[in-house]
Amino acid sequence: SLAWTPDGQRLIAGCYDGSIKCLDSSTRSLITEWKDHTDIICSIAVLPNSKFIASASNDETVRLWDMTAFTEIGPILQHDTRVKSISISPDANHLVSGGNDRKVRIWSLK
């Protein structure tokens, strides 16, 4: 999965090995890499302010990441099956996720 930050300065890549890579779009250099997921990253979403991203994985979790401190934040959001898609509301107050269990879950980001 791939996603640009709204300002276009960074590209976020969710990888087959479960890692997430943050790249500088002008230099193509690696800024940071997270390796907390244990399976394929299926979806990446970037909050409108570019300060946080969310990732969904076949490891049945959604995770949140701080783009300033380059750390995982908040609790792990758990599904019962593989998580295939995520999206963040325009006001950045909610995250929605869906997976192989055919359930859509709405999570508060407040």
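Good morning. Residues are numbered from 1 along each chain as its sequence is written, and side-chain values use heavy atoms, with hydrogens and water left out. Because the model is predicted, local features need pLDDT of at least 70 and side-chain atom pairs count only at pLDDT 80 or more, while totals for chains, interfaces and linings use all residues.

Let me begin with a sheet of four strands. Its order is E1-E2-E3-E4, it is open, and the pairing is antiparallel. Strands here are DSSP runs (E, at least two residues; helices are H or I, at least four), numbered from the N terminus, and two strands pair if DSSP finds at least two bridges between them. Strand E1 (2-4) and strand E4 stand at the edges; each has a single partner strand, so one side of each is left without a neighbour in the sheet. On average, neighbouring strands of this sheet are turned by 15° against each other, direction ignored. Such angles are taken between axes, which are lines fitted to C-alpha atoms (for helices over the stretch in contact), and they run from 0 to 180 degrees between N-to-C directions.

Within this sheet, E1 is joined to strand E2 (residues 10-14) by 3 bridges, and the two run antiparallel. Trp-4 has Leu-11 in E2 as its bridge partner.

Gln-9 counts as exposed, at 51% relative accessibility. The cut-offs are under 20% relative accessible area for buried, over 50% for exposed, and partly exposed in between, with a 1.4 Å probe and protein chains only. From the C-alpha atom of Gln-9 to that of Phe-52, 43 residues apart along the chain, the separation is 14 Å.

Ser-25 itself lies in the loop between strand E3 (20-24) and E4. With a relative accessible area of 27%, Ser-25 is partly exposed. Beyond its neighbours within four places in sequence, Ser-25 contacts Trp-4, Gly-8, Gln-9 and Arg-10. Ser-25 and His-79 are 54 residues apart along the chain, and their C-alpha atoms are separated by 32 Å.

Thr-32 belongs to strand E4 (residues 30-34). Is Thr-32 buried or exposed? Thr-32 counts as buried, at 14% relative accessibility. Apart from neighbours within four places in sequence, Thr-32 is in contact with Ile-20, Lys-21, Cys-22 and Phe-70.

I turn next to a hairpin. Strands E5 and E6 form it with 5 residues between them, and Ser-50 in the turn has a positive phi of about 65°. E5 (residues 41-46) and E6 (residues 52-57) run antiparallel and are joined by 5 bridges. Ile-44 has Ser-55 in E6 as its bridge partner. Strand E5 is mostly covered, with 5 of its 6 residues buried.

The last topic is a second open sheet. Its 3 strands stand in the order E9-E10-E11, with antiparallel pairing. Strand E9 (83-88) and strand E11 (104-108) are at the edges, each with a single partner strand, so one side of each has no neighbour in the sheet. Here neighbouring strands are turned by 20° against each other on average, direction ignored. Between E9 and strand E10 (residues 94-99), which run antiparallel, there are 5 bridges. Val-83 has Gly-99 in E10 as its bridge partner.

Technical notes: Contact means heavy atoms within 4.5 Å.
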